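Morning, everyone. Please have a look at the chain on the screen, and then we'll walk through it.

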Amino acid sequence: MPDPSSTTPQGFAVHTAPVGLADDGRDDFTVLASTVPANVSAVFTRSRFVGPSVLLSRDTAATGRARGVVVLARNANVATGQEGERNAREVRESVARTLGVAEEELFIASTGVIGRQYPMDGIREHLKTLSWPFPEGGFDRAARAIMTTDTRPKEVRLRCGGATLVGIAKGVGMIEPDMATLLTFFATDARLDPAEQDRIFRRVMDRTFNAVSIDTDTSTSDTAVLFANGLAGDVDPAEFEEALHEAALALVKDIASDGEGASKLIEVRVTGARDTAQAKRVGKTVVNSPLVKTAVHGCDPNWGRVAMAIGKCSQDTDIDQDAVAIRFGDIEVYPPRGGDARDEDALRAAVAEHLRGDEVVIGIDLAIADGAFTVYGCDLTEGYVRLNSEYTT
């Protein structure tokens, strides 16, 4: 594990504290700020039921420059009306005054229970004590403070040429993204052309955070932002894209394996598709199937459920069941091999053994063209039902 001090980008500082959003006394309020203006790239949920945090942050993203983000965990501040909007603006304005920046230079993100107002008395009391500058670093504290039902913080650090990249993320449920997903923030001291940075960020998000699904439900609050303050100088764009992809994919796998109640990471690799869009569609259909998820959880070698899920893509009329191949790991289960019952028993035993691992790989070859995409998800357990049936009680 690299020394955090050697993999912390220059010019970024973090403040975390408990303000009463959580009921366990842990830090639930975070400010991540750059000491200098940073180029920013951001993507958000496409939900039609978003809160003021997403609406305000979209305006900030449109400027292409920002100084940081305020994150409030355990309260989504969605479906809270005009009072919720006033509260979000007040929080952002107060933090901006402390940092000595314009309020439009700050993103704000909220995550947690929908339909509840912020506990503003506690938040206001804390904001009165906030002082700048914050100590530099502290990404590990931020990764913990932005959690909701996550069982562990999610953080990754990488070097890219002479620059450093850090990513943090939260999210284990209500995850079926449509542009970004969850809350995820990347900070780097690399200097990039703003337009190139934005293209890189969107390409990487599409191949990573847009490729994960826990339960098919799109969050009202999904926000992903990359801050690049340039203090370490120029980096090669291709090298940076590779590093950002590595960091984002690591966070995605961590999110999927930490899905609410999850015990296994599911990776569905679709090849031979007409195009990338078809491969992604088929992969999502399989990884989102409750029957596939429960079979994986129970280590039941019922590969017919994968075939069933592929068949749900009824608009993809070029999928020919006689041409499709299905694998679990490197074990091909379809098309059928023939043979006697002992062969079938051996095949089922081999698949069951693969399913007993922490990571389950399902391979699907559509044999149409060369489109390919990999999606990530998790199994469906009693824990998911229990946690979400008791979420606010």
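In which loop is Pro133 found? Pro133 is in the loop between helix 3 (120-129) and helix 4. Helices here are DSSP runs of H or I with at least four residues, strands are runs of E with at least two, and both are numbered from the N terminus.

Some ground rules. This is a predicted model, where local features need pLDDT of at least 70 and side-chain atom pairs count only at pLDDT 80 or more, while totals for chains, interfaces and linings use all residues. Residues are numbered from 1 along each chain as its sequence is written, and side-chain values use heavy atoms, with hydrogens and water left out.

Now the overview. The chain has 11 helices and 13 strands. Of its 393 residues, 55% are buried. Buried means under 20% relative accessible area, exposed means over 50%, and partly exposed is in between, with a 1.4 Å probe and protein chains only. Next, contacts, meaning heavy atoms within 4.5 Å. Take those between residues at least 6 apart in sequence: 80% of them join residues at least 24 apart.

Back to Pro133. A cis peptide bond joins Trp132 to Pro133, with omega about 10 degrees. Another cis peptide bond joins Tyr334 and Pro335, also with omega about 10 degrees. Pro335 is in the loop between strand 11 (331-334) and helix 10 (341-355).

Next, backbone angles. Asn77 is not a glycine, yet has a positive phi of about 50 degrees. Asn77 lies in the loop between strand 3 (65-75) and helix 2 (81-99). Is Asn77 buried or exposed? Asn77 is buried, because its relative accessible area is 0%. Cys299 is not a glycine either, and its phi is positive, about 55 degrees. Look for Cys299 in the loop between helix 8 and helix 9.

On to strand 1, residues 12-17. Here 6 of the 6 residues are buried, so the strand is largely enclosed by the rest of the structure. Phe12, Val14 and Thr16 point one way, and Ala13, His15 and Ala17 point the other way. Strand 1 pairs with strand 2 (residues 29-44) in the antiparallel sense, over 6 bridges. Pairing requires at least two DSSP bridges between the strands. One partner to find: Ala17 bridges to Phe29 in strand 2.

Now a record. An unreviewed UniProt entry lists Thr148, Lys170, Thr181, Glu260, Asn388 and Thr393 under "binding site". UniProt positions are in the numbering used here, feature names are shortened, and annotations may be inferred rather than shown by experiment. Take Thr148. Thr148 is in the loop between helix 4 (139-145) and strand 5 (154-160). Thr148 counts as buried because its relative accessible area is 11%. Leaving out residues up to four places away in sequence, Thr148 touches Arg26, Arg74, Thr111, Gly112 and Lys170.

Last stop, empty space. Rolling a probe the size of a water molecule over the atoms shows where such space is left. On a 1 Å grid over the protein atoms alone, a cavity is a set of points where a 1.4 Å probe fits but cannot get out, and lining residues have an atom within 4 Å of a point. Points are joined across faces, edges and corners, and the volume is the space filled by probe spheres set on them. The search of the whole structure finds 1 cavity of 30 Å³ or more. The largest cavity holds about 50 Å³. Its lining includes Val292, Asp300 and Phe328. Helix 8 (290-297) gives the most to that lining, with 3 residues.

Methods
On a 1 Å grid over the protein atoms alone, a cavity is a set of points where a 1.4 Å probe fits but cannot get out, and a pocket is an open set with protein on both sides within 12 Å along at least five of seven lines; lining residues have an atom within 4 Å of a point.
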